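My entries follow in the order I made them.

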Amino acid sequence: MDQTFETNYEAWMKRQIAASTGERRRRLREHGYLEKLFLLNVWWPAVGSFEHLHAEYEISDFKDGVRFLDFAYIRMPHKICMEADGFGPHARYADRHKFTDDLTRQNHLVIDDWRVLRFPADDIEQRPRKCQQIVLQLLGRLYGGGTSYAELPVMQREILRYAACSPDPVKPAEVVKLLGVGDKYARKLLRELASTGYLEPVNGSSRIRSYRLNFSKIRL
């Protein structure tokens with residue numbers, strides 16, 4: 001277990017438990033294995049902070065009751081719901097009513113201006129980088145990057161924002177089109193971002209063909 005993660009996680013959970021009551025407090029005290037694994041494998045490597053993040057977030061139900069979101073990232077002007085979906089017996093044998101209710105719940109979240117991301121257990125456990133990329137894509141689109149690279153030149157910042165929103169590694173030709181610069185200069189910018197650790201080469205040796213975000217460096 002990453003000790004830095006564990007220390008921050010415990011402090012974050014204590015703050016939330018102290019500020020909660022009733023059913024939410026009970027849920028926080030019994031925080032599930034999959035939910036914590038999502039934080040360890042996906043959220044912490046991608047974002048590196050629990051700021052603006054809430055576990056077992058309570059919302060009003062469309063039937064005048066309450067529901068709980070696995071995670072809510074509330075950073076104005078946007079609200080993001082993130083769900084860690086296990087494939088246990090309750091999921092395999094869910095009846096039609098449960099299936100319909102789940103979809104209705106998600107639809108009402110969207111109507112109430114929530115962005116909804118759902119991550120299956122298999123991806124959280126076996127393909128965490130895929131999940132990290134999805135988180136970074138959405139945060140990049142909504143917030144345009146963070147203060148961790150605010151000191152970089154504007155063209156390099158634009159490349160990182162583009163990389164955060166792109167589902168595929170970034171190629172020099174894309175930077176040429178994005179910034180309106182020549183191929184040689186585009187490659188120079190990419191090499192500089194790689195040398196400082198913001199990007200990492202995906203393929204190529206003498207002539208690198210594409211780059212992707214270095215999740216341990218980027219903080220949105």
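Is the crossing of α1 and α2 left-handed or right-handed? I looked, and α1 and α2 make a left-handed crossing; the word applies if the near helix is turned anticlockwise from the far one by less than a right angle, and right-handed applies if clockwise.

A note to myself on the ground rules. This is a predicted model, in which local features need pLDDT of at least 70, side-chain atom pairs count only at pLDDT 80 or more, and totals for chains, interfaces and linings use all residues. Residues are numbered from 1 along each chain as its sequence is written, and side-chain values use heavy atoms, with hydrogens and water left out.

**Entry: overview.** I found ten helices and six strands in the protein. Helices (H or I, at least four residues) and strands (E, at least two) are DSSP runs, numbered from the N terminus. Of the 220 residues, 42% count as buried; buried means under 20% relative accessible area, exposed over 50%, and partly exposed in between, with a 1.4 Å probe and protein chains only. I also looked up the contacts (heavy atoms within 4.5 Å). Of those with a separation of 6 or more, 59% are between residues 24 or more positions apart.

**Entry: α1 and α2.** Back to the opening pair. Helix α1 covers residues 3-19 and helix α2 residues 22-29; their axes come within 9 Å and cross at roughly 160 degrees. Axes here are lines fitted to C-alpha atoms, for helices over the stretch in contact, and angles run from 0 to 180 degrees between N-to-C directions. α1 and α2 are therefore roughly antiparallel to each other. The scale I used is under 35 degrees for roughly parallel, over 145 for roughly antiparallel, 65 to 115 for roughly perpendicular, and oblique for the rest. On the α1 side the contact is made by Met13, Gln16, Ile17 and Ala18, and on the α2 side by Arg24, Arg25, Leu28 and Arg29.

**Entry: the sheet.** Next I traced four strands, which form an open, mixed sheet in the order β1-β2-β3-β4. Two strands pair if DSSP finds at least two bridges between them. β1 (53-60) and β4 (114-120) stand at the edges with a single partner strand each, so one side of each has no neighbour in the sheet. From one strand to the next the twist averages 40 degrees.

I then went through the pairings one by one.
- β1 and β2 (residues 66-75) run antiparallel and are joined by seven bridges, with His54 opposite Ala72 of β2.
- β2 and β3 are antiparallel too, over five bridges; they form a hairpin with two residues between them, and Ile74 has Lys79 of β3 as its bridge partner.
- β3 and β4 pair in the parallel sense over seven bridges, where Ile80 has Arg115 of β4 as its bridge partner.

How many of the eight residues of β3 are buried? I get six, so β3 is largely enclosed by the rest of the structure.

**Entry: helices on the sheet.** Helix α7 (residues 128-143) lies across β2, β3 and β4, and runs at about 170 degrees to β4. The axes of α7 and α3 come within 8 Å and cross at roughly 45 degrees, and the two helices are therefore oblique to each other. Their crossing is right-handed. Asn41, Val42, Trp43, Pro45, Ala46 and Val47 of α3 meet Pro128, Cys131, Gln132, Val135, Leu136 and Leu139 of α7.

**Entry: the core.** The largest one has 50 residues, and Phe38, Leu39, Trp43 and Met82 have the most contacts inside it. Helix α3 (residues 33-47) gives the largest share of this core, nine residues. I looked at Trp43 again: leaving out residues up to four places away in sequence, its contacts include Tyr73, Met82, Val135 and Leu139.

**Entry: α9 and α10.** Helix α9 (residues 172-179) packs against helix α10 (residues 183-195) at about 110 degrees, with axes 9 Å apart. That makes the two roughly perpendicular. Pro172, Val175, Val176 and Leu179 of α9 meet residues of α10 including Ala186, Arg187 and Leu190.

**Last entry: Arg209.** Arg209 sits in the loop between β5 (199-203) and β6 (210-213). Its relative accessibility is 55%, so Arg209 counts as exposed. Its C-alpha atom is separated by 9.3 Å from that of Arg187, 22 residues apart along the chain.

Technical notes. Core = buried A, V, L, I, M, F, W, Y, C linked by side-chain atoms within 4.5 Å.
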